[in-house]
Amino acid sequence: MDDGNCAQTSTTFESENSAVGMSQEECTKRIVKSLKHPTVRFLRKHMEQAGCPVWVKLILAANCKRKGIAGGYSTGNGIIVCCNHMSYQDEISQVLIHELIHAYDDCRAKNMDWKNCAHHACTEIRANHLSGDCHYKRELLRGFMKMRGHEQECVKRRALKSVKNNPYCSEAAAMDAIETVWDICYNDTSPFERAP
């Protein structure tokens, strides 16, 4: 994983994951199992329909140096899953769903510019909203106890965390981009009929 690649997005953990993680061999087996997850299958099918098939070899089990990184997507390189930061099957499935939404956006946009803070913000909003990353149960496990309005706050918080890590986007630029594209991107549920 090239941590400096600006054409990459990464999924981060928001609570300290104290587990050591799993071997790449075990992680690869679990990735194969996650490929059978209904949402992963749905996203792969829609990417193929959009002309961007997701081959299994484009999903890589890796050991990531940066702490707090669960996985990432990079144009032309595919998806990585940070095995050394994974402990559970659900975590792997969640990373794949999140990163497949980025891959889908990259595929359908055709002119995705990862240096453009608004482009990056839009795909982060969509990935956090549509992947289930901000489901209230996940939020409770992270220590965010708010019951009302948690989902949109979570999507904004997680999108900001990712976009401000883009070397082309300052925190202020990331915040502005999120606010600018919020309505359009939050309400864009493609390829789902509605947010899952």
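Which residue does a disulfide join to Cys 27? I looked it up, keeping in mind that this is a predicted model. The partner is Cys 83, with an S to S distance of 2.4 Å.

**Entry 1: the link of Cys 27 and Cys 83**

I checked the torsion about the S-S bond next, and at -85° this link is left-handed. Then I asked where the two ends sit. Buried or exposed? I looked at Cys 27 and at Cys 83. Cys 27 has 0% relative accessibility, so I put it down as buried. Cys 83 is buried as well, its relative accessible area being 0%.

A reminder to myself: a disulfide is a covalent bond between the sulfur atoms of two cysteines.

**Entry 2: how many, and in what order**

How many disulfides does the structure hold? I found six. Counting bonded cysteines along the chain, I wrote the pattern down as 1-5, 2-6, 3-4, 7-11, 8-12, 9-10.

**Entry 3: Cys 117 and Cys 169**

I moved on to another of the disulfides, the one that joins Cys 117 to Cys 169, with 2.1 Å from S to S. The torsion about the S-S bond is about -115°, so I noted this disulfide as left-handed. It links distant parts of the chain: Cys 117 is in helix α4 (residues 117–130) and Cys 169 in the loop between α6 (150–163) and α7 (171–187), 52 residues apart. I found both Cys 117 and Cys 169 buried.

**Entry 4: Cys 134 and Cys 154**

Here the sulfur atoms are 2.0 Å apart, and Cys 134 and Cys 154 form a disulfide. Why is it left-handed? Because the torsion about the S-S bond of Cys 134 and Cys 154 is about -75°. I traced the ends to the loop between α4 and α5 (136–142) for Cys 134 and to helix α6 for Cys 154, distant parts of the chain 20 residues apart. Cys 134 is buried at a relative accessible area of 1%, and Cys 154 counts as buried at 0% relative accessibility.

**Entry 5: the hairpin**

I turned to the strands. Strand β3 (residues 69–74) is mostly covered, with six of its six residues buried. It runs antiparallel to strand β4 (residues 78–82), and four bridges join the two. Which residue of β4 is the bridge partner of Gly 72? I found Ile 80. Three residues lie between the strands of this hairpin, and Gly 76 takes a positive phi near 80° there.

**Entry 6: His 98 and the helices**

I picked out His 98, which lies in helix α3. At 1% relative accessibility, His 98 counts as buried. Its side chain has a polar contact of 2.5 Å with the side chain of Asp 133.

Last, I looked at how α3 sits against α4. Their axes come within 9 Å and cross at roughly 140°. That angle makes α3 oblique to α4. I noted the crossing of α3 and α4 as right-handed.

Technical notes: Residues are numbered from 1 along each chain as its sequence is written. This is a predicted model: local features need pLDDT of at least 70, side-chain atom pairs count only at pLDDT 80 or more; totals for chains, interfaces and linings use all residues. Side-chain values use heavy atoms; hydrogens and water are left out. Buried means under 20% relative accessible area, exposed over 50%, partly exposed in between (1.4 Å probe, protein chains only). Two strands pair if DSSP finds at least two bridges between them. A disulfide is a pair of cysteine sulfur atoms within 2.5 Å. A polar contact is a pair of N or O atoms within 3.5 Å; within protein, one must be able to donate a hydrogen and the other to accept it, and residues adjacent in sequence count only if both atoms are side-chain atoms. Axes are lines fitted to C-alpha atoms, for helices over the stretch in contact, and angles run from 0 to 180 degrees between N-to-C directions. Angles under 35 degrees count as roughly parallel, over 145 as roughly antiparallel, 65 to 115 as roughly perpendicular and the rest as oblique. A crossing is left-handed if the near helix is turned anticlockwise from the far one by less than a right angle, and right-handed if clockwise.
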